[in-house]
Amino acid sequence: SYTTDTKSREENKKTLESLYSLSVDITKIRRLKEWVLLQDVAYVKEIAGILQEMGADETTVANIIERCPEAILHNPAEINSQRALWQLVCQNEKQLIKLIEQFPESFFTTEYQQNQKANILFFQELGLKNNIITRFLTSAPNIFYNPVEKNKNVIETLQRNYLNLGGSEANMKIWILKLLSQNPFILLNTSTAIQENLEFLQRNDFTDQEVLQLLSKLKGFIFQLNSTTMQKSMLFSKNIFKCSDQELKQLVLKCPALLYYSVPVLEERLEGLLKEGISIAQIRETPMVLELTTQIVQYRIKKLSALGYDIKSGNLESLNGTKKDFEVTYGKIQSKKERPIFNPVAPLPTED
């Protein structure tokens, strides 16, 4: 534990000299985490040496220390252990140093090394590819801080429910690995929360097959919700679209966002669409449009309007999808508009 009381302390001259010799921008560190410079003990040269051994040049070393100054407070033995740990899933040290430069905070969090190692081995046993595990280490490091038993418990709960919902033993592994790679944060939930959310869907008359369909569509995000918020969102949609329970169920299956987004988010998006002159009937026909933020919707409508496409009279399919999907749709509408009206191979009329 490091002290962050900066009032009565002076910057460590030895630390400053070592940082200067590595061309580190000390003003950045002062601005970010000045307390690092006040510590009595720092391992600037040793940490820089380890990074250089892995192939980092001077600029890379300076960049890493500027972005994560507390790196220099770690004992070199700890960092060498962390290096060995990450090498379990990295192809080589070139890839490792690239990851450290991009995600220094993830690499220099060394308090949970035993848990990290146990979880890496567990994920490998499970069949996750090393490139997916490295992605987890950098973008979802918290899941490695859990004791491995906790992560195993969550996976077992998912497997059990998958089979209970009618999923096949043969497809279970692929399903679990896909779910995890799409959303590793499901491991931060408890087995109880997962169970409760699945039971909520069953209570709302979703068949086992439909629950499985929702789990795949929601990429596991359903496990980060709770029954109260899901209930409120469904009630809101039912009132807005004036539909029966059965119709609501079909809308949710078409657009799981109606289950996932909270009422304030749905309200804001709905309001944005109505302001653009889009009707409730159009939204009900294409509810997936609610997956888009108001800003994205406005931008897409503006682009389509410039081509003379009237969204109010058409359907909303052209607004939907990812950025890539929209660009394809936009391109098709644009080429249609630019296409000549006359048939270029027909003979031209000539005067007698």
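Mentor: Let us begin with helix H12 (residues 191-203) and helix H13 (residues 208-217), whose axes come within 10 Å and cross at roughly 130 degrees. That angle makes H12 oblique to H13 (under 35 degrees is roughly parallel, over 145 roughly antiparallel, 65 to 115 roughly perpendicular, the rest oblique). The model is predicted, with local features requiring pLDDT of at least 70 and side-chain atom pairs pLDDT 80 or more, while totals for chains, interfaces and linings use all residues. Residues are numbered from 1 along each chain as its sequence is written, and side-chain values use heavy atoms, with hydrogens and water left out. Helices are DSSP runs of H or I of at least four residues, numbered from the N terminus, and axes are lines fitted to C-alpha atoms over the stretch in contact, with angles from 0 to 180 degrees between N-to-C directions.

The crossing of H12 and H13 is right-handed (near helix turned clockwise from the far one by less than a right angle; anticlockwise is left-handed). On the H12 side the contact (heavy atoms within 4.5 Å) involves Leu198, Leu201 and Gln202, and these meet Asp208, Val211, Leu214 and Leu215 of H13. Sorted by class, this contact of H12 with H13 has 5 nonpolar, 1 polar and 1 charged residues (Ala, Val, Leu, Ile, Met, Phe, Trp, Tyr, Cys and Pro are nonpolar; Asp, Glu, Lys and Arg charged; the others, Gly among them, polar).

Another pair is formed by helix H9 (residues 130-139) and helix H11 (residues 169-182), which pack at an angle of about 35 degrees with their axes 10 Å apart, and here H9 passes H11 in a left-handed crossing. Ile132, Arg135 and Phe136 of H9 make this contact with Leu180, Ser181 and Gln182 of H11, and the residues of the contact divide into 3 nonpolar, 2 polar and 1 charged.

Helix H5 (residues 76-86) and helix H8 (residues 113-126) also have axes that come within 10 Å, and these cross at roughly 10 degrees, which makes H5 roughly parallel to H8. From H5, the residues Glu78, Ser81, Gln82, Leu85 and Trp86 take part, and from H8, Gln113, Gln116, Lys117 and Ile120; the contact of H5 with H8 divides into 3 nonpolar, 4 polar and 2 charged residues.

Leaving aside residues up to four places away in sequence, Val263 touches Lys232, Ser233 and Phe236. Val263 and Thr229 are 34 residues apart in sequence, and their C-alpha atoms are 8.0 Å apart in space.

Conventions. Helices (H or I, at least four residues) and strands (E, at least two) are DSSP runs, numbered from the N terminus.
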